[in-house]
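Subject: Structure for you to look at

Hello,

I am handing over the structure we talked about.

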Amino acid sequence: MKRLKQSKGTVGSVTDLAQPEHSRWKVWLDQAGLSIAAVVIALGIGAVLIAATNLEVQRASGYFFARPTDTLMAIWHSVADAYVSMFRGSVFDFNAPNWQRAVRPFTETLVFATPLICAGLGLSVGFRAGLFNIGAQGQMLMGAALGGYVGFAIPMPAGVHLIAALLGAILGGAIWAGIAGVLKAQTGANEVIVTIMLNSVALFLLSWLLTLPTFLVPGSTNPQSPPVLEGAQFPALIGPPFRLHAGFLVALLATAVVWWLIERSTIGFEIRAVGHNMEAARFAGMSVGMVTIRTMMISGALAGLAAGTLILGTESRLESGIAGSIGFDAITVALLGRNRPVGTALAGVLFGALKAGGFLMQTAANTPIDIVLVLQSVIVLLIAAPALVRAAIPFMRAEKKS
């Protein structure tokens with residue numbers, strides 16, 4: 001009887017998922033405010049680091065008490081030059097000689113954001129189910145391997161070839177994440193450990209594949225595949241000299257699909273229910289094991305989609321380092337977006353801007369590129385500690401008390 005009463009109480013936690021619309025909007029706005037505040041605080045900390053590493057500031061600080069204005073002006077110029085350079089490299093270059101060069105930075109931001117959005121969406125789906133999928137890197141590598149193979153080794157008509165290669169990338173990521181899902185559902189294996197190990201397995205497996213004649217350019221020993229056939233490549237949205245391709249539209253479509261899946265579908269309700277209270281979901285008749293496997297495969301499929309936008313878009317050749325650090329950066333993107341599809345897409349654009357603007361910030365303002373990595377790390381730290389953000393922002397602290 002006691003157990004039945006406890007179970008009835010947990011079922012109530014599942015029904016609590018159907019919150020009033022105004023309550024959900026209030027929660028979303030509060031989370032958006034925390035994310036924006038985290039970015040602002042990170043930029044402030046970045047400004048301190050930029051000033052501290054600037055040679056002119058260090059020189060002027062040597063005679064600070066004699067002429068303090070020199071140090072203050074040096075600090076202002078170092079920070080302003082760095083962030084203006086980041087703006088010029090990621091949004092709009094007002095010093096460019098023509099309009100193409102002026103707007104190209106924003107298109108580069110979208111290029112970098114495309115795989116981040118897709119991979120971030122995948123991780124956010126897992127997080128909503130209480131699954132910490134840390135294996136987007138390996139899932140991207142396997143997605144790139146299968147999608148790239150279909151793209152360069154199996155000739156097909158244009159259009160059909162692109163769809164087949166993209167589906168191959170999605171399937172590769174889904175299968176690789178499904179391994180962790182099955183182990184979690186059937187044996188209770190910790191998905192964090194399993195997915196991290198699968199990252200290493202995927203990296204070494206891809207490195208081995210790139211030693212096989214099937215995956216190498218004929219007559220070459222370089223560990224890279226032949227280029228993806230033209231019919232399997234995403235068409236350009238604007239054309240030269242811009243690199244922006246239709247993969248960005250696919251990322252936007254994926255955002256809409258994930259929003260519908262999580263917020264409006266039965267599958268999404270099960271995912272949210274399991275993430276909210278696993279025992280209540282099981283008592284309500286849901287198969288937690290199947291939800292776990294399904295969620296991991298959806299998460300991996302989106303990571304594979306991210307790899308597809310790379311191998312069929314900007315990269316066109318399969319290499320062991322094709323995914324870069326996108327699989328790990330996507331964790332930050334999902335967290336910054338509060339695991340919401342629209343928020344994750346906006347966070348992906350922000351991190352794309354940080355990456356695109358970081359190059360010009362390094363060359364034009366002589367700012368270490370590591371500062372961008374510090375900004376990302378600080379954002380993660382602040383998102384993981386929302387109480388710290390509320391303590392730093394007076395009006396958010398007052399709102400929390402109310």
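Predicted model: local features only at pLDDT ≥ 70, side-chain atom pairs only at ≥ 80, totals over all residues.

Aromatic rings

The count of aromatic pairs comes to 7. In one of them, Phe 64 with Phe 65, the ring centres are 5.4 Å apart and the planes stand at 80 degrees. Planes over 60 degrees apart count as edge-to-face, so Phe 64 and Phe 65 form an edge-to-face pair. Phe 64 has a relative accessible area of 31% and is partly exposed. Phe 65, at 81%, is exposed.

Phe 112 and Phe 359 also form an aromatic pair, with 6.2 Å from centre to centre and 40 degrees between the planes, and this pair is tilted. Phe 359 is partly exposed, its relative accessible area being 44%.

The ring of Phe 112 has a charged group over it as well: the charged end of Arg 243 sits there, 5.8 Å from the ring centre. Arg 243 is also touched by Glu 108, a residue of helix α5. Glu 108 has a relative accessibility of 10% and counts as buried. Ala 356 is likewise touched by Glu 108, leaving out residues up to four places away in sequence.

Elsewhere, a single aromatic cluster is formed by Tyr 149, Phe 152 and Phe 215.

Packing against α14

Helix α4 (residues 68-90) packs with α14 at an angle of about 125 degrees, and their axes are 7 Å apart. That angle makes α4 oblique to α14. The crossing in which α4 passes α14 is right-handed. On the α4 side the contacts come from Ala 82, Ser 85, Met 86, Arg 88, Gly 89 and Ser 90. On the α14 side they come from Ala 353, Leu 354, Ala 356, Gly 357, Leu 360, Met 361 and Ala 364.

What about helix α13 (residues 326-336) and α14: at what angle do their axes cross? The angle is roughly 130 degrees, and the axes come within 7 Å. α13 and α14 are therefore oblique to each other, and α13 passes α14 in a right-handed crossing. Here Thr 332, Val 333, Ala 334 and Leu 336 of α13 meet Thr 344, Ala 347, Gly 348, Leu 350 and Phe 351 of α14.

Around α8

Trp 208 is placed in helix α8 (residues 191-209). Its relative accessibility is 49%, and Trp 208 counts as partly exposed, because exposed means over 50%. Trp 208 and Gly 327 are 119 residues apart along the chain, and their C-alpha atoms are separated by 20 Å.

Ala 189 is in the loop between α7 (160-187) and α8. Apart from neighbours within four places in sequence, Ala 189 is in contact with Leu 183, Lys 184 and Val 194.

Best regards

Note on methods:
Residues numbered from 1 in each chain as written. Heavy atoms only, no water. Phe/Tyr/Trp six-rings, centres within 6.5 Å; stacked < 30°, edge-to-face > 60°. Buried < 20%, exposed > 50% of the residue type's maximum accessible area, 1.4 Å probe, protein only. Lys NZ or Arg CZ within 6 Å of the ring centre and 35° of its normal. Axes fitted to C-alpha atoms, helices over the stretch in contact; angles between N-to-C directions. Helix = DSSP H or I, 4+ residues; strand = E, 2+ residues; numbered from the N terminus. Parallel < 35°, antiparallel > 145°, perpendicular 65-115°, else oblique. Left-handed = near helix turned anticlockwise from the far one by under 90°. Contact = heavy atoms within 4.5 Å.
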